[in-house]
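Hello,

Here is the structure I promised to hand over. Please open it next to this message.

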Amino acid sequence: MTSDVSSFRAHHPSRVRRSVLTVPAINDRALEKLISLDCDAVIFDLEDSVAENRKGDARTNLLNFLRDRDLGHRERIIRINAADTPFYREDMELVIEAAPDAVLIPKVEEPVAVQNVADMLGESDATEGLRIWAMIETPRGVLNAAAIASSGRTSDSRLDAFVVGLNDLRKATGIPAAPGRTYLVPYLMQVVLAARAYGLDVIDSVSNDFRDMDAFSEECAQGRAMGFDGKMLIHPAQVEPANHHFGPSEAAITEARLVAAAFADPAHAGFNVINIDGRMIERLHAEEAARLLDKVATIAARKDKP
Ligand SMILES: CC(C)(COP(=O)(O)OP(=O)(O)OC[C@H]1O[C@@H](n2cnc3c(N)ncnc32)[C@H](O)[C@@H]1OP(=O)(O)O)[C@@H](O)C(=O)NCCC(=O)NCCSC(=O)C[C@H](O)C(=O)O
Ligand SMILES: [Mg+2]
């Protein structure tokens with residue numbers, strides 16, 4: 001029997017989303033810089049990084065940029081302003097016109113926020129394949145993360161990923177920024193679990209200090225250990241460490257090849273459990289290995305391109 005999650009996955013193939021760099025849509029210099037950066041995805045921000053009196057300029061700027069520039073393998077995501085702001089409708093009009101890979105909704109607290117955006121995208125050819133990402137960054141967003149994620153479990157849903165926003169969550173909870181994110185970890189894990197329960201990708205929050213690379217590396221390692229697929233980034237210096245920490249390690253690649261080869265061996269046909277060097281390996285490990293090797297192939301294919 002096919003579960004909701006595996007049928008969802010069949011419609012939303014796995015992506016490489018180690019490094020998700022955000023850029024203020026108003027910042028020409030940073031937009032130009034993008035072309036030279038090895039990030040997996042770019043969030044063009046129309047929300048918090050753009051002043052209220054510059055929202056219109058930012059939209060025009062972004063539309064021109066997306067028309068003129070080919071971002072190659074990088075996924076293009078536009079972060080809009082929330083529905084309760086005066087900017088939402090025009091942001092959505094831009095999304096429909098620019099047709100990026102995804103739209104990111106900030107401060108999602110209820111499934112209806114996702115549904116409303118899906119309704120506005122409609123079923124036109126221009127927006128076919130356009131996905132929805134949701135920021136979980138308020139206490140109600142965290143509490144309702146499972147309900148929000150479950151609203152995207154059908155194969156025709158556009159919901160594809162959660163992104164955690166700790167700046168907003170810290171502001172709302174009063175939990176100060178601190179190494180190790182001790183008191184935020186339960187909330188982060190709740191979001192990861194909700195995303196995984198319904199087959200969504202999940203991206204860890206930004207780290208504001210882009211000079212302290214040791215602290216950043218530790219936070220990437222922690223995010224990876226918690227199960228995140230990648231990290232939202234604010235600065236070019238964060239791209240390479242995020243790719244490193246969220247990418248498959250050499251040890252993981254070696255292990256995946258070993259597992260894949262063992263299950264491909266005709267001698268193991270008809271076995272769901274085998275012994276590799278004194279460890280029990282199940283078919284589920286072969287599925288995990290195939291997924292990892294898929295990502296390795298995707299990353300390698302990019303390197304081959306000029
Ligand atoms: C934080 C910054 C304002 C710092 O910018 P700057 O002062 O220009 O830094 P540098 O001089 O070190 O920059 C060196 C070069 O790199 C380019 N640059 C900088 N940032 C980016 C970027 N994000 N993407 C691409 N290129 C970038 C500079 O232009 C310099 O280029 P050059 O001179 O040609 O060599 C800035 O980093 C910045 O604006 N970052 C992104 C801010 C942002 O998008 N904020 C909103 C998202 S954060 C969020 O969502 C939080 C969440 O909602 C939550 O609640 O937690
Ligand atoms: Mg935020």
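Below is what was found in it.

This is a predicted model: local features need pLDDT of at least 70, side-chain atom pairs count only at pLDDT 80 or more, and totals for chains, interfaces and linings use all residues. Residues are numbered from 1 along each chain as its sequence is written, while chains are lettered from A and ligands numbered from 1 in the order in which they are written.

**Barrel**

Eight strands form a closed barrel in the order β1-β2-β3-β4-β5-β6-β7-β8, with parallel pairing. Strands here are DSSP runs of E with at least two residues, helices are runs of H or I with at least four, and both are numbered from the N terminus. Two strands pair if DSSP finds at least two bridges between them. On average, neighbouring strands of this sheet are turned by 25° against each other, direction ignored. Take β5 (residues 131-136) and β6 (residues 159-164): they run parallel and are joined by five bridges. M135 stands opposite V163 in β6.

**Hairpin**

β9 (residues 273-276) and β10 (residues 279-282) pair in the antiparallel sense, over four bridges. N275 stands opposite M280 in β10. Two residues lie between the strands of this hairpin, and D277 takes a positive phi near 50°.

**Ligand 1**

The ligand is surrounded by 22 residues; the closest are A30, K33, G165, N167 and D168. A residue counts as near if its C-beta atom, placed from the backbone, lies within 6 Å. β1 (19-24), α2 (28-34) and α8 (166-173) are the elements that give two or more residues to the shell. By class, the shell has nine nonpolar, seven polar and six charged residues. Nonpolar means Ala, Val, Leu, Ile, Met, Phe, Trp, Tyr, Cys and Pro; charged means Asp, Glu, Lys and Arg; the others, Gly among them, are polar.

**Helix pairs**

The axes of α10 (residues 213-226) and α11 (residues 239-246) come within 9 Å and cross at roughly 30°. Axes are lines fitted to C-alpha atoms, for helices over the stretch in contact, with angles from 0 to 180 degrees between N-to-C directions. The two helices are therefore roughly parallel (an angle under 35 degrees). From α10, the contact uses M213, F216, S217, C220, A221 and R224; from α11, P241, A242, H245 and F246. Contact means C-beta atoms, placed from the backbone, within 7 Å. These residues divide into seven nonpolar, two polar and one charged.

For α3 (residues 55-68) and α4 (residues 88-98), the axes come within 11 Å and cross at roughly 10°. α3 and α4 are therefore roughly parallel to each other. R59, L62, L63 and L66 in α3 meet E90, L94, E97 and A98 in α4. That contact has five nonpolar, no polar and three charged residues.

Best regards

Key:
Parallel < 35°, antiparallel > 145°, perpendicular 65-115°, else oblique. Contact = placed C-beta atoms within 7 Å.
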